[in-house]
Amino acid sequence: MADTQETLVMGILNVTPDSFADGGRHFSLNDAVARAEAMVAEGVNIIDVGGESTRPGSSRISADEESARVIPVIEAIKELGATISIDTTRAEIAKEAIAKGASIVNDISGGLQDSAMVKVLSSHPEVQYIAMHWRGESKDMQSRAIYKDVVREVREELEARAFALVEAGISPDQLILDPGIGFAKTSEHNWELLRNIDRIQLLGYPVLVGVSRKRFLGELLGGAEPDQRDDASVAITTELARKGIWGVRTHSVKPHVDAIKVVKELYR
Ligand code: PMM
């Protein structure tokens, strides 16, 4: 493996009524807590709480609405023992979530959506920051899926973003990069990035990857529905773990935890 640290499993807790992959099943507070407890029992390392849907074509919700969805969940799950990540592009939500116990900010826009995000992270050097490759809002992002060499361009854009974030005051130690599978990318772009993930790892930052239940897997599997795409997601986790990826963002937890254990034993 490229890294001695074991790959981390980040379990997805989408607190949205319209999340494509879980049909909004985790929208009520009680349900969200029950799902978080189940993920902890299955060995999750990080729980990623998100209140705003990013599915292709989706529109934004207000900051008040986002706060009302995610903050009560963070408060309710912070005693469970998992690291809490807040999936948001808004600085004010990140700040509120950190105050309630989040220790990772997962920003799909890598700081491009809200220029105040950098200040929140630079004043919380103990908080990690996931900066994802992003080319604009979900409502029309697929029109930006145009690349000559997707791996080179994503790597260069991530490198430029990391440079800008560090220039603006975020410590390199806080940064985790993510190629943004499915965000302004076609299926072939996603596969090309996964085949060449080591070229993203060469940037020198920990790398997180999220493929769980995404559309390109449905295409590969002849139209499989989101909840029928988990085995394919686990297959990718196995390969990414072998390559020493820092973390995988996923809906199902236990199969990924088990796959990572297998890889650890095979390559120890
Ligand atoms: N994908 C989604 C949402 N947030 N965050 C990171 N860092 N990486 C991703 O790939 C990512 C993300 C969309 O998937 P979902 O709607 O199933 O959560």
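Alanine 184 has its place in the loop between β6 and α6, where helices (H or I, at least four residues) and strands (E, at least two) are DSSP runs numbered from the N terminus. The structure is a predicted model, in which local features need pLDDT of at least 70 and side-chain atom pairs count only at pLDDT 80 or more, while totals for chains, interfaces and linings use all residues. Residues are numbered from 1 along each chain as its sequence is written, and side-chain values use heavy atoms, with hydrogens and water left out.

**Loop residues with positive phi**

Although alanine 184 is not a glycine, its phi is positive, at about 55°. Alanine 184 counts as buried at 0% relative accessibility, where buried means under 20% relative accessible area, exposed over 50%, and partly exposed in between (1.4 Å probe, protein chains only). Arginine 213, in the loop between β7 (208-210) and α8 (215-220), is likewise a residue other than glycine with a positive phi, here near 60°. Arginine 213 is buried, with a relative accessible area of 9%. A positive phi, near 120°, also occurs at glycine 169, which follows α5.

Helix α5 has 18 residues and reaches 25 Å from its first C-alpha to its last, close to the 26 Å expected at 1.5 Å a residue; the expected span is 1.5 Å times one less than the number of residues. The buried residues of α5 are Val150, Val151, Glu153, Val154, Leu158, Arg161, Ala162 and Leu165, and what covers them includes α4 (117-122), β5 (128-132), β6 (175-178), α6 and α7 (197-201).

Helix α5 (residues 150-167) packs with helix α6 (residues 187-195) at an angle of about 75°, the two axes lying 9 Å apart; here axes are lines fitted to C-alpha atoms, for helices over the stretch in contact, and angles run from 0 to 180 degrees between N-to-C directions. That angle makes α5 roughly perpendicular to α6, on a scale where angles under 35 degrees count as roughly parallel, over 145 as roughly antiparallel, 65 to 115 as roughly perpendicular and the rest as oblique. Val150, Val151 and Val154 of α5 make the contact with His189, Glu192 and Leu193 of α6, contact meaning heavy atoms within 4.5 Å. The residues of this contact divide into four nonpolar, one polar and one charged, with Ala, Val, Leu, Ile, Met, Phe, Trp, Tyr, Cys and Pro counted as nonpolar, Asp, Glu, Lys and Arg as charged, and the others, Gly among them, as polar.

Arginine 161, found in helix α5, counts as buried at 19% relative accessibility. When residues up to four places away in sequence are not counted, arginine 161 touches Gly110, Gly111 and Leu112.

**Helix α10**

The end C-alpha atoms of helix α10 (residues 254-266) are 18 Å apart, which agrees with the 18 Å that its 13 residues should span at 1.5 Å a residue. In α10, His256, Val257, Ala259, Ile260 and Val263 are buried. They cover an arc of only 160° around the axis, which puts them on the same side of α10; the arc is that of the directions from the helix axis to the C-beta atoms. On the other side of α10, Lys261 and Leu266 are exposed. The buried residues of α10 pack against β1 (8-14), α9 (230-242) and β8 (247-250).

Histidine 256, which lies in helix α10, is buried with a relative accessible area of 1%. Its contacts, leaving aside neighbours within four places in sequence, are with Val9, Ser233, Val234, Thr237 and Thr250.

**Residue pairs separated in sequence**

Glutamate 137, in the loop between β5 and α5, counts as partly exposed at 25% relative accessibility, and touches Arg60, Gln113 and Arg144, not counting residues up to four places away in sequence. Alanine 38, in helix α1 (residues 29-41), also counts as partly exposed, at 28% relative accessibility.

| Residue pair | Separation in sequence | C-alpha to C-alpha distance |
|---|---|---|
| Arginine 161 and tryptophan 134 | 27 residues | 9.9 Å |
| Glutamate 137 and arginine 60 | 77 residues | 8.8 Å |
| Alanine 38 and glycine 247 | 209 residues | 19 Å |
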